[in-house]
Amino acid sequence: MEIKAFWRDTIGVQETDLLKEAVRHSSIRRLKRKEIVIREHEQLTEIPFLLSGVVKSYCLDAEGREKIFCFGYRPGEPVTSIYSLDREICSVGTIEVVRDAMLLYIPLEEMDRLVRGNLEAARIYESLLSQSLQNVIERDHVLASCTARQRYEWFTRYYPGLEEQVSKKDIASYLNMSSESLSRIIKIM
């Protein structure tokens, strides 16, 4: 995908000067399965956006097991585990490529400058943050109020087709259940 088309068509940048600046400071990288985009507690210097592929965000529990709290597979999704663009921010989770991915990167400093100096950029940033928060709240609600089967059904609706691209172990971790429980649910459905 062309950088300009990504910013214009996927993210929705319309203002000509903003589009030129976003394109000028962006680069595209290809990452292979198992590559780490950023590690937990690592300082961010760039903001990556998903063009293609699948990524997962996780932290390790006390026993060293991955606890997945997010998947990214929709083009345009920010591939970060952060909640603001403040300077010297660190990732709250490790982000790993699950399926070969193409990511578009823009330096954090430039993204911050664009958001602070341009109303359209600020609106887009606010929209991305709002969507991210909505996703977290919805998942938390599902985990707190649904049975294991209902959680899996929600996952298949919320992430259509993703169950064929990620491991059952990762899905079980994301849904806060054991792999065995997930296998039983899948068998009876």
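**Helix H5 and its two partners**

Modeller: H4 and H5 cross in a right-handed manner, a term used where the near helix is turned clockwise from the far one by less than a right angle. The model is predicted, and local features are described at pLDDT of at least 70, side-chain atom pairs at pLDDT 80 or more, and totals for chains, interfaces and linings over all residues. Residues are numbered from 1 along each chain as its sequence is written, and side-chain values use heavy atoms, leaving out hydrogens and water.

Helices are DSSP runs (H or I, at least four residues), numbered from the N terminus. H4 spans residues 119-145 and H5 residues 148-158; their axes come within 9 Å and cross at roughly 155°. Axes here are lines fitted to C-alpha atoms over the stretch in contact, and angles run from 0 to 180 degrees between N-to-C directions. H4 and H5 are therefore roughly antiparallel, the word for angles over 145 degrees.

On the H4 side, the contact (heavy atoms within 4.5 Å) is made by Asn135, Glu138, Arg139, Val142, Leu143 and Ser145, and on the H5 side by Gln150, Arg151, Trp154 and Tyr158. Four of these residues are nonpolar, three polar and three charged. In this classification, Ala, Val, Leu, Ile, Met, Phe, Trp, Tyr, Cys and Pro are nonpolar, Asp, Glu, Lys and Arg charged, and the others, Gly among them, polar.

Leaving aside residues up to four places away in sequence, Glu138 touches Trp154 and Tyr158. Glu138 and Tyr158 are 20 residues apart along the chain, and 10.0 Å separates their C-alpha atoms. Glu138 has a relative accessible area of 30% and is thus partly exposed, that is, between buried (under 20%) and exposed (over 50%), with a 1.4 Å probe and protein chains only.

H5 has a further partner. It packs with helix H7 (residues 179-188) at an angle of about 75°, the axes being 10 Å apart. This makes H5 roughly perpendicular to H7, as angles of 65 to 115 degrees are described. Here Ala148, Arg149 and Tyr152 of H5 meet Leu182, Ile185, Ile186 and Ile188 of H7. The residues of this contact comprise six nonpolar, no polar and one charged.

Notes. Helix = DSSP H or I, 4+ residues; strand = E, 2+ residues; numbered from the N terminus. Parallel < 35°, antiparallel > 145°, perpendicular 65-115°, else oblique.
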